[in-house]
Structures are given as structure tokens and as C-alpha cells.
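Here is a friendly walk through one protein model for someone meeting it for the first time. Please keep the sequence and the 3D view open as you read.

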Amino acid sequence: MSWSYEMHLQPLLSAEDVPGVPFGSVFGSVPPRTVSKRHAHQDGEMFLVLAGRATVLVGDEVTELAPGGTVLIPPFHAHEIRNDGDEPFDLVSVYWEHIPSAVDALAQRPPATRAADRTLVFCPPPTPNGGLHLGHLAGPYVRADVLVRALRSQGRDARLVTGTDDHQSYVATAARRRGAAPADVAREAGDAVVATLARAEVGVDRLTRPLTDPGHHDRTRALLDRVAASPSVTVQERPTAACDACGTSLHQAFARGRCAHCDASSDGEICEACGRPGEARDLRDVRCVGCGAPATSRVERGLWIDLAAHGDELRRYLRTVHASPDLARLVERLLDEGLEPYRLTRTSDWGVPLGDGQVVDPWVDLALTYLDAARSEVEAGGEAERVLLLGYDNSYYYAVLLPALAFAAGLGDHLPTAFVTNQFLHLGDEKFSTSRGHAVWADDALRDAGADAVRVALLRDAPEGRVTRIDEDRAARLADDPLHRALRDWLRGFADVGPSGVVPGTGAWTDAHRELYRFLDLATQQLDGLLLPASFSARGYVRLLESVVARCVEFRATEVVARDVAALAEESRTSLALEYLAAKVVAVLAWPVAPVTAQRVWDWLGLAGEPTRETGWTFLPSGTRCSAPAPVLDDAPVVDAAVPVPDAVPVGSPA
């Protein structure tokens with residue numbers, strides 16, 4: 001027997017053992033009080049129950065099985081076995097590969113049909129200790145906006161939730177360096193952060209800013225009280241790193257040393273390099289950031305949560321949600337190594353005050369802010385999928401600490417249903433850093449290149465699953481991105497292919513016309529597949545969108561030469577109608593990544609509201625009048641509104 005799919009398995013017969021056998025088979029046993037791993041195959045599969053009773057979930061269908069029972073599992077249908085009994089659940093699985101059935105199963109559920117009707121997209125609030133740089137935008141913020149816009153273009157309800165992390169320890173250290181009050185730094189830098197997101201066309205629907213929210217302190221303390229009521233939370237006195245010279249309790253941004261696990265330079269409590277947590281006193285050569293003095297140790301009283309007490313809940317929770325592979329790997333490793341307790345309160349004068357010189361730990365404050373916002377959003381708008389986009393370095397706080405706090409407070413229903421991570425965008429060979437001033441500031445890039453150009457260029461090399469790099473020369477030429485340039489040139493070309501600006505009805509169709517129409521539909525489905533949380537890739541979206549524009553460019557190059565041939569007038573009408581249809585499709589598909597350009601093209605085509613996807617792409621009404629797009633030097637072409645011709649009669653059949 002081997003352990004696989006969270007159950008015991010024993011291979012039986014297959015074609016490798018008996019030539020000509022058209023199936024494979026295994027004996028399986030799910031231990032009592034356990035759940036097998038939820039998964040899917042390209043194979044068809046059938047369970048034949050030998051012993052025990054269990055619940056089998058196939059997709060959304062639930063089947064109760066007992067000895068002698070069977071269940072069919074079609075290709076690509078996710079399934080799991082829940083054995084709530086006291087006896088093993090034994091079965092034989094018979095499986096077979098039939099590729100036509102697998103292909104048909106994929107076709108039955110195109111990507112767009114699997115998106116939730118309502119989605120809340122969360123981003124960790126940036127620390128207001130300085131301005132946003134290109135690394136911030138390339139990480140979760142623009143990518144989150146891409147996801148929200150794309151879901152809205154599909155007609156779904158999607159909201160982006162972020163804010164500013166006002167009580168973070170980095171605010172206090174930045175204030176100390178500047179000789180200012182932390183509250184003043186947080187407000188000033190927070191205002192700048194919000195303004196920069198707006199300039200980058202990142203539309204925030206709910207903005208959490210603790211310093212400007214008069215009820216934040218009370219709600220945070222109330223949630224902490226719920227956490228503190230859990231048996232896993234106790235008051236303890238423990239040794240803590242401290243600075244005798246400054247009188248400071250050294251934690252997080254107040255401490256700096258080398259990680260005890262990977263030896264990378266690290267601040268207290270978390271290592272950005274390996275993602276492992278640890279108290280500041282465990283760092284090697286730990287020193288006070290404020291004065292540089294070596295750390296000493298003193299005993300401090302605080303509120304602690306035993307994370308290991310929630311280990312089983314964490315494993316069950318993470319089994320039911322999507323997690324990016326790097327995050328899943330880190331959390332599994334942390335669970336296997338054993339979770340250390342985490343301190344919920346800190347000795348400090350910056351944060352949500354609790355009395356006796358204690359404040360809520362900044363990361364606990366952030367987690368409780370998330371839970372408060374998620375609860376409020378659900379109460380206001382109903383249940384929703386909750387997708388959290390975050391930097392990999394924050395994995396511990398959001399995938400371990402946040403769930404543990406939610407379990408302790410009885411708020412597990414508001415946790416993320418999907419985690420989508422990003423690694424770092426480096427400037428040269430080092431990561432961007434606000435505190436060290438190693439950055440290309442977002443406001444400068446947005447002013448020089450425009451929002452669309454910055455978004456497209458950063459998304460092309462988004463640090464998804466890997467560290468990516470940008471040098472200062474590339475950062476100064478963001479408007480030269482191939483997609484941005486190709487899109488601009490293709491739109492400019494409408495002045496030549498349709499000088500009258502009138503959209504014709506379709507006429508005769510050629511194979512080339514049919515294949516372009518088919519391509520636009522298939523490309524839309526492929527792009528939709530990159531918007532599911534489990535496969536989300538803004539990087540892939542930009543590169544695939546670039547191929548769509550390239551296909552439209554090639555279509556024009558081969559078709560335009562025949563449009564002045566009288567004998568091909570009917571074919572030319574279809575060709576030109578397809579060009580304008582392509583403009584409509586590209587406007588919709590580009591809106592998530594280049595919203596300014598896309599909206600102007602949409603308006604130019606005489607279409608109302610925001611760019612909207614269609615299940616099947618319909619042609620523009622015959623006679624719609626469009627003046628030629630005229631690109632300008634910023635990030636989007638300026639276009640005039642289309643004027644529909646009232647007495648125009650469509651030509652050709654509906655698409």
C-alpha cells in the first residue's frame with residue numbers, strides 16, 4: 001500500500017500487467033474520520049464500494065455510498081471522499097482514458113462559466129512610509145485591478161478592497177528617521193499612495209484607512225477580544241529583543257539581523273527571502289534599526305496565540321482553497337516543521353492602543369482589518385468568492401496567522417477562498433525598497449509614459465511565480481512595450497482602411513474571414529482561462545493579448561490590398577466589418593490591462609458604458625460612423641464618438 005491522494009492505494013490490474021485490458025484499477029482505503037484529496041483527472045473513473053460508508057463529492061453532486069454502491073466520475077470532474085465513520089472506507093477504482101470524452105468535458109464548461117457571480121478581490125494595504133514604486137504596481141495592485149475589470153467585463157459583480165497599513169512598524173521607523181510623528185507620516189504618505197493608485201487607473205471600491213476611520217480602534221479591539229476568548233490564546237511573559245540605548249522593544253521594522261534559517265538579511269518576525277517567521281530575538285547579529293546598538297533581552301508581558309493548536313484546522317482549510325504553488329509549498333513546510341506561538345500584542349507607542357503600553361501587533365491589526373472588511377462586504381452585498389492577491393513574503397501572515405485568528409474568533413467563513421501570490425520585481429539585482437530609496441517611483445513613470453503604457457509594460461514582466469527584473473533604462477522606456485506600440489499603430493491604421501469611417505454590413509465570407517471570426521472567439525476563451533483564480537496570470541494575459549493584436553495586424557495586411565477591387569466588393573464588406581468587430585473585441589479584451597485606450601476605442605465605436613464581453617461576438621450595426629482614431633503622445637489614442645446612422649439597413653445575417 002502507498003499513501004496518495006490522502007488515502008491508502010494498492011495498484012491492481014492495468015494494460016501493463018495484462019495486455020489488452022482497456023482500463024486500470026486500484027484498491028483504495030480512506031481511513032476513518034478523514035477526507036481524501038480533492039482532485040480531477042483526464043480519465044473517466046468509477047468507484048465500486050467494498051466496505052464502509054462515506055460521502056463522495058463529484059463536482060457539486062453529493063452521493064452517499066455503502067458496500068455494493070457505485071459512482072461514475074467523468075473526466076475533469078473534481079472529486080473527494082469524506083469518511084466521517086469509525087471504519088475504513090474501502091473501494092476499487094476502475095479508470096480509463098478516452099480523450100474525446102475529456103475534450104468534450106472541457107468544452108462543456110468554458111472558463112467564463114466557472115467564474116463566481118460575485119467576487120471580492122483583496123490586496124494587502126501598502127505601508128504608508130513613502131510613495132509607491134514600480135515594484136508595488138507590478139505586484140498585487142495592477143494585477144488585482146486587471147482581475148476586477150475582466151470580471152466586470154463579463155457582467156459579474158467584482159469589487160477591489162485595499163487601503164493603507166497605517167499602524168505598521170515601518171511607519172514608526174520612517175517617522176523616527178524624519179523627526180516626524182508617525183500619524184503625520186501615515187496620513188501624508190497614505191494620501192500619496194491613494195493618489196498614485198488612481199493615476200495608475202487602479203479602481204479601489206473599498207478603501208480601509210485606520211487613521212481616518214473613527215471606528216477602527218473600537219472594531220479592532222472588539223475583534224481582538226473575540227480572539228482572546230479562544231482557549232488557544234493566553235497571557236505570557238517571554239524574553240524579547242530590546243534596545244537599552246533607545247528603550248525600544250525590538251520587533252519587526254525596529255530590528256534587523258540575519259535570518260536564522262537562510263542567513264539572508266532580515267527584519268524581525270519574517271524573512272522576505274525564505275518566507276519563514278521567527279521572533280526578532282532569534283535573528284543572528286540582531287541590532288536596533290534606530291541607533292544600531294546590539295540587541296539585549298528583557299522579559300515582556302503579552303497576549304500570545306498557540307498557532308499549533310489550529311494546525312489541523314489550517315490543513316483542512318488550505319485543502320479547500322486554491323493557493324499558488326509557492327505559497328502552498330511554504331505553508332506545508334511550516335506546518336510540517338511545527339508552528340510557533342505568535343505574539344498578538346506589542347510593547348510600543350504606535351498602533352491600536354490597549355493600555356499599559358501595549359498595542360495590537362501590526363500584522364494582527366491588518367488581519368483583523370481584513371476580517372472586518374470581508375464581513376462588512378458580505379453583509380452589504382451577499383456571499384462572494386474572496387480572492388487575495390499578495391506578495392509571497394506575506395504568505396505566513398495571510399495564509400497562517402490570518403486563518404488562525406479567524407478560527408479563534410469564529411470568523412472562518414470570511415477567509416479567502418483563493419490566494420494568488422507574486423514574487424518580487426527587482427530593480428537591477430536588488431528588490432525595490434521604499435525604506436532604502438532603491439526604486440523607480442510610480443508617479444514619475446506614470447507622468448512620463450501614461451497609465452496604460454506603465455500597466456502593460458509592468459504586467460508583461462509581472463513577478464508571477466518568479467523574481468523578475470527591470471533595469472533603469474527599461475524603466476525609462478515603458479511606452480516602448482511591444483503590445484502598447486502594436487495596439488497604437490493598429491488603431492492608427494483605421495484611418496487608411498476605412499477612410500469614410502462608416503462600418504459596412506457583412507457580405508460574402510471567405511475561409512480567411514471565418515477563421516478570423518473563429519480566432520476572436522477562441523482567443524476570448526483562452527484569455528478567460530487566465531482569469532480564474534487557480535490559473536490567474538496577468539503576465540500570460542498580456543502576452544496572449546499581444547498575439548490577438550498581431551493576428552488582427554496580419555489580417556489587415558493580407559485583406560486591404562483587395563478592398564478596391566470591384567469584383568470583390570461583397571468580400572471587402574465582410575473584411576472591413578470584421579476589422580471593426582476586431583476593434584470591439586480588442587477594446588473589451590484590452591480594457592483590463594489598458595483601460596484608458598480601451599475605453600476610448602469603445603466610445604469611438606459608439607458603444608455605451610464600459611467594455612463588455614459577449615458570449616458570441618456581434619458585429620457593429622451597419623452604418624455606424626466612426627472617425628479615425630488619432631493616437632497622441634500619451635498612453636491612449638484620442639477618438640471621436642461614433643454616430644449611428646438612423647436609416648441604415650444592416651446587410652448580411654447576424655453573427
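## A tryptophan in a loop

Trp-509 sits in the loop between helix H14 (494-497) and helix H15 (511-529). Helices (H or I, at least four residues) and strands (E, at least two) are DSSP runs numbered from the N terminus. The model is a predicted one, in which local features need pLDDT of at least 70, side-chain atom pairs count only at pLDDT 80 or more, and totals for chains, interfaces and linings use all residues. Residues are numbered from 1 along each chain as its sequence is written, and side-chain values use heavy atoms, with hydrogens and water left out.

Leaving aside residues up to four places away in sequence, Trp-509 touches Arg-514, Tyr-517, Thr-574, Leu-578 and Phe-619, where contact means heavy atoms within 4.5 Å. Thr-574 is 65 residues apart from Trp-509 along the chain, yet their C-alpha atoms are separated by 6.4 Å.

## Two helices that cross

Two packed helices are described by the angle between their axes and the distance between the axes. For helix H10 (residues 442-449) and helix H11 (residues 451-460), the axes come within 7 Å and cross at roughly 120°. Axes are lines fitted to C-alpha atoms, for helices over the stretch in contact, and angles run from 0 to 180 degrees between N-to-C directions. H10 brings Ala-445, Leu-446 and Ala-449 to the contact, and H11 brings Ala-451, Ala-453 and Val-454. By class, this contact has 6 nonpolar, no polar and no charged residues. Here Ala, Val, Leu, Ile, Met, Phe, Trp, Tyr, Cys and Pro count as nonpolar, Asp, Glu, Lys and Arg as charged, and the others, Gly among them, as polar.

## Strands and their partners

Now to the strands, where two of them pair if DSSP finds at least two bridges between them. In a regular strand the side chains alternate between the two faces of the sheet. Strand S8 (residues 70-73) has a covered face with Val-71 and Ile-73, and an uncovered one with Thr-70 and Leu-72. Its antiparallel pairing with strand S5 (residues 44-51) runs over 4 bridges, and Thr-70 in S8 has Leu-48 opposite.

Strand S11 (residues 118-122) is largely enclosed by the rest of the structure, because 5 of its 5 residues are buried. On one side lie Arg-118, Leu-120 and Phe-122, and on the other Thr-119 and Val-121. S11 pairs with S12 in the parallel sense over 5 bridges, and the bridge partner of Arg-118 in S12 is Asp-157.

An open antiparallel sheet is formed by 3 strands in the order S17-S16-S20. S17 and strand S20 (284-288) each have a single partner strand, so one side of each is left without a neighbour in the sheet. On average, neighbouring strands here are turned by 25° against each other, direction ignored. Strand S16 (residues 255-258) is joined to S17 by 3 bridges, with Arg-256 standing opposite Asp-267 in S17.

## Pockets and a cavity

Rolling a probe the size of a water molecule over the atoms shows where empty space is left. On a 1 Å grid over the protein atoms alone, a cavity is a set of points where a 1.4 Å probe fits but cannot get out, and a pocket is an open set with protein on both sides within 12 Å along at least five of seven lines; lining residues have an atom within 4 Å of a point. Grid points are joined across faces, edges and corners, and a volume is the space filled by probe spheres set on the points.

| Space | Volume | Lining by class |
|---|---|---|
| Largest pocket | About 1,400 Å³ | 20 nonpolar, 20 polar, 8 charged residues |
| Second largest pocket | About 1,100 Å³ | 15 nonpolar, 9 polar, 6 charged residues |
| Largest cavity | About 100 Å³ | 10 nonpolar, 3 polar, no charged residues |

Which element gives the most to the lining of the second largest pocket? H1 does, with 4 residues. In the largest pocket, the largest share of the lining, 5 residues, comes from H2. The largest cavity is lined by 13 residues, and Phe-122, Cys-123, Pro-125, Leu-366 and Tyr-370 lie nearest its centre. H8 provides the largest share of that cavity's lining, 4 residues.

Note on methods
Buried < 20%, exposed > 50% of the residue type's maximum accessible area, 1.4 Å probe, protein only.
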